[in-house]
Structure formats: structure tokens, C-alpha cells
Amino acid sequence: EVVALTEVMKVVKAGNFDRVIVDTAPTGHTLRLLSFPEFLDNFLQKVLNIKRKLDGVINAAKTLFGLKGFVSGDSDRDDIDEAVKSIERYRQEAEDLRDLLTDKERTQFLVVSIATGLSAAESVRLVQGLDERGVNVNNFVVNQLISDSTDAKFVERVVKSQGKCLEQLREMSVSAPLKAPSNVGPVFLKEVPFFDSELRSVYALRTLSAVLFANNKTPINK
């Protein structure tokens, strides 16, 4: 993802588009990703400091054991110095990426969530994490809201839409083992109903397990 973002940065610098939109990873991955340039910078600084301290030993070893060009096979090429130069270039790209992400004139983060306890908590953590890292957040979108005016026809449409997807999954559960018998074992499909509240307690999880594992009429394809 870091490499992908550095490519996005090149697109931004080229200036061929008015706006570049990136669909990021979930909260935890995104926060680690945004912290990576700083981590990489610190890490590479330590590596380069160690390399400078050991330059004398390394040069002697390269001469004594013929390690110069050992990787590339080119005796006129110093592979260690080439690797250091590549690391330094990558560090500069990471710094440029960090500058781009924290530039409020060029970058903003749009948080998208749904109205559930877990998603809300994750979104709050994401906004706080972005703020700590200096990333601009101006907008917040909450999806899949059910209004007070929702009627029976709306529910019918949702059930119909789910039914089409469910039929595809039922077909997959039957056909997958037949298409790749050596790699895919039996695929059992278990249908769990929609609960009108979040399952966030031991009692709720017991209710879910009763649905998942009970020998009832809920179909299981074998």
C-alpha cells in the first residue's frame, strides 16, 4: 500500500487531474500506513548510521573477500552502496508522501461509516488518529440508515435483493468443491437472520450460536 500511495503521489505531482481519490484500507491498516513514513525514516536513519560506522570494516571485507558486485555480478558495481542509495531514495519518497498527506491545502480524508456500535467506535478512533497525525478531516458520511418512514415495500425490496445474492452463494457452495476437488472441500452455507440489535454480550453471542449450530430448518447445503 505504501508503494501504491507513492505512485498516487506521482499522479498528484503530474497535475493531470483536478482530484485524485484513494479508497484506503480499514481503520487499523490506514493508521499504521499513515505512520509508516515516519517509522521508515527513523529506521533508515539508524541503518545508515550503522552503515557509516562500519564503512571501514565493510570496505575491507569487500576487498578481501571480493564482495564488490557479489549480488549483481558486476565487479565494477558496488552493490552495498547501490542498496544504500536506493534506501535513501525510498526514504525521500516516504517524506514526500508524509508531506502530501498532511498538507491541508491538497489533502483531506473523508471518513465513511455505518450506524453500529463497532463502526462508530472505529470511526472515532480513525478521526482521532488522523488528527494526531495532522491529516485533514472535513467530512463524515454515515451509510445504510433506516428512516422512520420505512415501509413494508422497502423491506420487500431489501429481501428480494438479498435473495438474489443468496442464490448465487448457494450455487457456489455446491459448485466450488466440484470445480476444484483437490483444493476446496465441502462448502456449507448457513443462513443467519438479521438481528434488530447488535450482538455485543455473552447472551447475544449465545443466541447467535444457537442459530449457527442448532439442527433446525435453516438450510445447509452439503
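## Close-up views of the predicted model

**View 1. Phe109 stands opposite Val137 in strand β2.** Strands are DSSP runs of E with at least two residues, helices are runs of H or I with at least four residues, and both are numbered from the N terminus. Two strands pair if DSSP finds at least two bridges between them. β1 (residues 109–114) and β2 (residues 137–143) pair in the parallel sense, over six bridges. Leu110 has Asn139 of β2 as its bridge partner. This is a predicted model: local features need pLDDT of at least 70, side-chain atom pairs count only at pLDDT 80 or more, and totals for chains, interfaces and linings use all residues. Residues are numbered from 1 along each chain as its sequence is written, and side-chain values use heavy atoms, with hydrogens and water left out.

**View 2. The side chains of β1 alternate between two faces.** Phe109, Val111 and Ser113 point to one face and are buried. Buried means under 20% relative accessible area, exposed means over 50%, and partly exposed lies in between (1.4 Å probe, protein chains only). In the protein chain of 222 residues, 20% count as buried.

**View 3. β1, helix α5 and β2 form a right-handed β-α-β unit.** Right-handed means that, with the strands pointing away from the viewer, the path from the first strand over the helix to the second runs clockwise. Helix α5 covers residues 117–132. The 16 residues of α5 reach 23 Å from first C-alpha to last, close to the 22 Å expected at 1.5 Å a residue. That expected span is 1.5 Å times one less than the number of residues.

**View 4. Ser123, Leu126, Gly129 and Leu130 are the buried residues of α5.** They cover an arc of only 130 degrees around the axis, so they lie on the same side of α5. The arc is that of the directions from the helix axis to the C-beta atoms. Asp131 and Glu132, on the other side of α5, are exposed. Just after α5, Gly134 takes a positive phi of about 75 degrees.

**View 5. The largest pocket has a volume of about 1,300 Å³.** On a 1 Å grid over the protein atoms alone, a pocket is an open set of points with protein on both sides within 12 Å along at least five of seven lines; lining residues have an atom within 4 Å of a point. Grid points are joined across faces, edges and corners, and the volume is the space filled by probe spheres set on the points. The lining holds 41 residues, and the closest to the pocket centre are Val22, Thr24, Gln108, Phe109 and Leu110. β1 gives the most to this lining, with six residues. Elements that each supply at least two residues include α1 (2–14), α2 (27–53) and α4 (79–101).

**View 6. Gln144 sits in the loop between β2 and α6 (152–179).** Its phi is near 60 degrees, a positive value in a residue other than glycine. Gln144 is exposed, with a relative accessible area of 68%.

**View 7. Val47 is found in helix α2.** At 30% relative accessibility, Val47 counts as partly exposed. The C-alpha atoms of Val47 and Ile87 are separated by 9.5 Å, at 40 residues apart along the chain.

Note on methods:
1 Å grid on protein atoms, 1.4 Å probe; cavity = no way out; pocket = protein on both sides within 12 Å on 5 of 7 lines; lining within 4 Å.
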